[in-house]
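This briefing is intended for a reader who has the sequence and the structure at hand. Please keep both in view while reading the points below.

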Amino acid sequence: LEESLDMLTRSADLGHPAACYSLAIMLREEGDMQGMRKRLEEAAEHGDAEANFCLGDMLFHGTDSYQVDHKRAFGSFMRAARLRHPEALCCVGAMYYHGMHVQIDLYRSFRCYQVAAEEGSADGMRNLAAMHYNGDGCEQSESTARYMLKIAKETEAK
C-alpha cells in the first residue's frame, strides 16, 4: 500500500492530472484540507474534468475549506463542461437558467442540458423536459416534455 501511495505521489508531482485528483480525494478523506486543495487545484489546472467539477461544486457551495465564490465556480464548471462532463454541464445550465453570476440565457441553458442529456445525464433530461414543458428557451411542447421524462426514467433504471 505504501509503495502504491509513493507511486501516486510521484505521478502527481510530475503533474499527472488523474494522479493529482486521486491524491486530492485521499487527502480529503484523511482531513488534510490544505493538501487536498493543492492537489485538486493542480488537477483542475491540468484539465482534469472531474477535478474541475469537484472544485466548482466546492466553490459554489462553500465546502471543504473553500469560501462561496460563484464566479470561480462557474469557471471550473465551464472547464469541465467543455470536456462534456454531464454534471458540470447541468451546473452551467442551471447557472444560465437562474442568472447566477451570469446573465440569464435560456438558449445556453437549454444547450447545456441538451449536451448533458446526450452524455447520458438523467438530470439533463429532466431539466430539458421542464424547459420544453414551460417553453423556456425552446418551443413549448408537453409531449416532448413527457417523452424526455420517460427517457430520463429509463436512463436511471439502467
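The model is predicted: local features need pLDDT of at least 70, side-chain atom pairs count only at pLDDT 80 or more, and totals for chains, interfaces and linings use all residues. Residues are numbered from 1 along each chain as its sequence is written, and side-chain values use heavy atoms, with hydrogens and water left out.

**Nonpolar core**

- A nonpolar core is a set of buried Ala, Val, Leu, Ile, Met, Phe, Trp, Tyr and Cys residues joined through side-chain atoms within 4.5 Å; buried means under 20% relative accessible area, exposed over 50%, and partly exposed in between, with a 1.4 Å probe and protein chains only.
- The largest nonpolar core has 47 residues, and those touching the most other members are Met-36, Leu-40, Tyr-66, Phe-74, Phe-77 and Val-92.
- Helix 4 (residues 49-61) gives the most to this core, contributing seven residues.
- In soluble globular proteins, nonpolar side chains tend to be buried together.

**Helix 4**

- Helices (H or I, at least four residues) and strands (E, at least two) are DSSP runs, numbered from the N terminus.
- The expected span of a helix is 1.5 Å times one less than its number of residues; for the 13 residues of helix 4 this gives 18 Å, which agrees with the 18 Å between its end C-alpha atoms.
- Helix 4 is mostly covered, with 10 of its 13 residues buried; among them are Ala-49, Asn-52, Phe-53, Cys-54, Gly-56 and Phe-60.
- The cover over these buried residues includes helix 2 (17-30), helix 3 (33-45), helix 5 and helix 6, where contact means heavy atoms within 4.5 Å.
- At the N-terminal end, Asp-48 caps helix 4 through a side-chain oxygen that lies 3.2 Å from the backbone nitrogen of Glu-50.
- After helix 4 comes Gly-62, with a positive phi near 70°.

**Helix 5**

- Helix 5 (residues 70-82) also has its length described: its 13 residues reach 18 Å from the first C-alpha to the last, close to the 18 Å expected at 1.5 Å a residue.
- Its buried residues are Ala-73, Phe-74, Ser-76, Phe-77, Met-78, Ala-80 and Ala-81, and their cover includes helix 4 and helix 6 (86-98).
- Asp-69 caps the N-terminal end of helix 5, with a side-chain oxygen 3.3 Å from the backbone nitrogen of Lys-71.

- Leaving aside residues up to four places away in sequence, Phe-77 touches Asn-52, Phe-53, Gly-56, Asp-57, Phe-60, Ala-88, Cys-91, Val-92 and Met-95.
- Rings of Phe, Tyr and Trp (its six-membered ring) pair if their centres lie within 6.5 Å; planes under 30 degrees apart count as stacked, over 60 as edge-to-face and the rest as tilted.
- The whole structure holds three aromatic pairs.
- Phe-53 and Phe-77 form a tilted pair, 6.0 Å centre to centre with 40° between the planes; Phe-53 lies in helix 4 and Phe-77 in helix 5, 24 residues apart.
- The rings of Phe-60 and Phe-77 have centres 6.4 Å apart and planes at 50°, so this pair is tilted; Phe-60 in helix 4 and Phe-77 in helix 5 are 17 residues apart.
- Phe-53, Phe-60 and Phe-77 form one aromatic cluster.

**Cysteines**

- A disulfide is a pair of cysteine sulfur atoms within 2.5 Å, and by this rule the count is zero.
- Cys-54 is in no disulfide, the nearest cysteine sulfur being that of Cys-91 at 10 Å; Cys-54 is buried, with a relative accessible area of 15%.
- Cys-90 is likewise in no disulfide, and its nearest cysteine sulfur, that of Cys-91, is 7.0 Å away; Cys-90 is buried at 10% relative accessible area.

**Positive phi in loops**

- Most residues other than glycine have a negative phi, and most peptide bonds are trans.
- Ser-65, in the loop between helix 4 and helix 5, has a positive phi near 75° and is partly exposed at 39% relative accessibility.
- Arg-84, in the loop between helix 5 and helix 6, has a positive phi near 65° and is partly exposed, with a relative accessible area of 37%.

**Arg-146**

- Arg-146 lies in helix 9 (residues 142-157) and is exposed, with a relative accessible area of 55%.
- The side chain of Arg-146 makes a polar contact with the side chain of Glu-142 at 2.5 Å; a polar contact is a pair of N or O atoms within 3.5 Å, and within protein one must be able to donate a hydrogen and the other to accept it, while residues adjacent in sequence count only if both atoms are side-chain atoms.
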